[in-house]
Amino acid sequence: MHRQVRKAMQQVFTDVFDSQDYILGRHVEAFERAWAARCGTMHAVGVSNGLDAIRLSLEVLGVGPGDEVIVPSNTYIATVLAVSAVGAQPVFAEPDIHTCNLDPHQIRAVRTARTKAVIPVHLYGQACVMDAIMAAAEGLDVVEDNAQAHGAAYAGRPTGGWGRVNATSFFPTKNLGALGDAGALTTSDTALAARAAVLRNYGSGRKYYNETIGYNMRLDELQAAFLSVKLDYLDAWTADRRRIAAQYTAGLDGLGDLRLPCTAPNADHVYHIYQIRTVFRDALQSHLSARGIGSLVHYPQPPYLQEAYKDLGYRRGDFPIAESVADTCLSLPIWPGMNETEVASVIGGIKDFYSKTPAS
Ligand SMILES: *Cc1c(COP(=O)(O)O)cnc(C)c1O
């Protein structure tokens, strides 16, 4: 990926360097326009990272102490930390066992009179069933966590464009990644976008005048410029991820106890992660590692079991689907440009493992 963009990235570095304009300038504005267009919203507000993007989204919606926010029991910790950061209470809801994405029925099951918002997470790059989620979240604010699903859509409508305010991360490893930390909110509500823009910049709409107590959560000019260069490649990179995923699926279908990624009807998958599940996960990971094949576990411990959340009082067994995903999931290598031989060697390693695993 980086070979493809090297020249263009060096050029924009030189442009920004020479401009001597490094904070909230034309590159941030240009990227915000382009990102809003991709998400089908009127506005995007560039911010410092994904966690801050979710946090600010909740804050501009007025979510705070005394409010409950529904999050998936199997999400990445940042979704939950954002809820805690605004002083609200995270309430976990189980995912669908096939897609691993938030189950709309579970939203209905856990919502109470204090529920203020729901954060669907398009996990692994697969769009949530947004029509059913919007229906289950009727009367609540929906904030999509679109950190893993850049360029995905549900029923043809982009992720990051469904909720009232949505958040994303451009951490370097995401499908669209900066060369450092970066994130953004998207919304079609002009007043909320303006409020987020003020909050990210010390609570100041006019230089040296502060209308509210804000933060420094700005997106850098350099990162915005890099992101604009890479955004032009996103569709081609997504197509390449899908090619690799298709080769994995064709090569691994029906093997042993493997569960392959399973998408809901109308839900795009942009394969931020190609995740398989097996009860032999740890042994398979060691087997691949011995052959020089890297793999990762996204994520080994659900958020409600983290030490940081021990005060919430959850125990193992509280969310069996999230725990089963955590115990069995393995993410295979996938990156734009990964060639057919490389994919085949991963498939070969897995086939070899199952040929030697008696209980499979
Ligand atoms: C990466 C990620 C985040 C956080 O993004 P940062 O930019 O690292 O703060 C939030 N949610 C999900 C689902 C992510 O994958």
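Which residues is Leu185 in contact with, leaving aside its neighbours within four places in sequence? The legends below answer this and describe the surroundings.

**Figure 1. Overview of the predicted chain.** This is a predicted model, in which local features need pLDDT of at least 70, side-chain atom pairs count only at pLDDT 80 or more, and totals for chains, interfaces and linings use all residues. Residues are numbered from 1 along each chain as its sequence is written, and side-chain values use heavy atoms, with hydrogens and water left out. The chain contains 12 helices and 13 strands; helices (H or I, at least four residues) and strands (E, at least two) are DSSP runs numbered from the N terminus. The C-alpha atoms fill a box of roughly 70 × 55 × 35 Å along the principal axes. The radius of gyration of the chain is 21 Å, which agrees with the value near 21 Å for a compact globule of 360 residues; the radius is taken over C-alpha atoms, and the globule rule is 2.2 Å times the number of residues to the power 0.38. Buried residues account for 53% of the 360 residues, where buried means under 20% relative accessible area, exposed over 50%, and partly exposed in between (1.4 Å probe, protein chains only).

**Figure 2. The three-stranded sheet S1-S9-S8.** The sheet is open, and its strands pair in the antiparallel sense in the order S1-S9-S8; two strands pair if DSSP finds at least two bridges between them. Strand S1 (43-47) and strand S8 (165-169) are the edge strands, each pairing on one side only. From one strand to the next, the twist averages 20°; axes are lines fitted to C-alpha atoms, for helices over the stretch in contact, and angles run from 0 to 180 degrees between N-to-C directions. Five bridges join S8 to strand S9 (residues 183-187), and Thr168 has Ala184 as its bridge partner in S9. Helix H2 (residues 26-39) packs on the sheet and touches S1, S8 and S9, with its direction at about 125° to that of S1. Helix H3 (residues 50-60) also packs on the sheet, touching S1, S8 and S9, and its direction makes about 170° with that of S8.

**Figure 3. Strand S9 and the surroundings of Leu185.** S1 and S9 pair over five antiparallel bridges, and the bridge partner of Val45 in S9 is Leu185. Five of the five residues of S9 are buried, so the strand is largely enclosed by the rest of the structure. In a regular strand the side chains alternate between the two faces of the sheet. Gly183, Leu185 and Thr187 point one way from S9, whereas Ala184 and Thr186 point the other way. Leaving aside neighbours within four places in sequence, Leu185 is in contact (heavy atoms within 4.5 Å) with His43, Ala44, Val45, Val47, Ala53, Leu56, Ser57, Val165, Asn166, Ala167 and Ala196.

**Figure 4. The nonpolar cores.** A nonpolar core is a set of buried Ala, Val, Leu, Ile, Met, Phe, Trp, Tyr and Cys residues joined through side-chain atoms within 4.5 Å. Of the 32 residues in the largest core, Leu58, Val63, Val69, Val71, Val83, Ile119 and Leu185 touch the most other members. At least two residues of this core come from each of S1, H3, strand S2 (68-72), helix H4 (77-85), S8 and helix H7 (190-200). H3 gives the most, with five residues. A second, separate core of 23 residues includes Leu258, Val343, Phe353 and Tyr354.

**Figure 5. Trp35 in helix H2.** Trp35 is located in helix H2 and, at 2% relative accessibility, counts as buried. Not counting residues up to four places away in sequence, Trp35 touches Ala44, Asn146, His150, Thr168, Phe170, Leu176, Ala184, Thr186 and Leu231. The C-alpha atoms of Trp35 and Gly151, which lie 116 residues apart along the chain, are separated by 10.0 Å.

**Figure 6. Helix H8 and its packing partners.** Helix H8 (residues 221-231) is mostly covered, with nine of its 11 residues buried. Among them are Phe226, Leu227, Val229 and Leu231, and also Glu221 and Lys230. The buried residues of H8 pack against helix H1 (2-19), H2 and helix H9 (234-252).

**Figure 7. Thr99 in a loop.** Thr99 lies in the loop between strand S3 (89-93) and helix H5 (104-110). At 11% relative accessibility, Thr99 counts as buried. Residues touched by Thr99, not counting those up to four places away in sequence, are Gln126, Cys262, Thr263 and Ala264.
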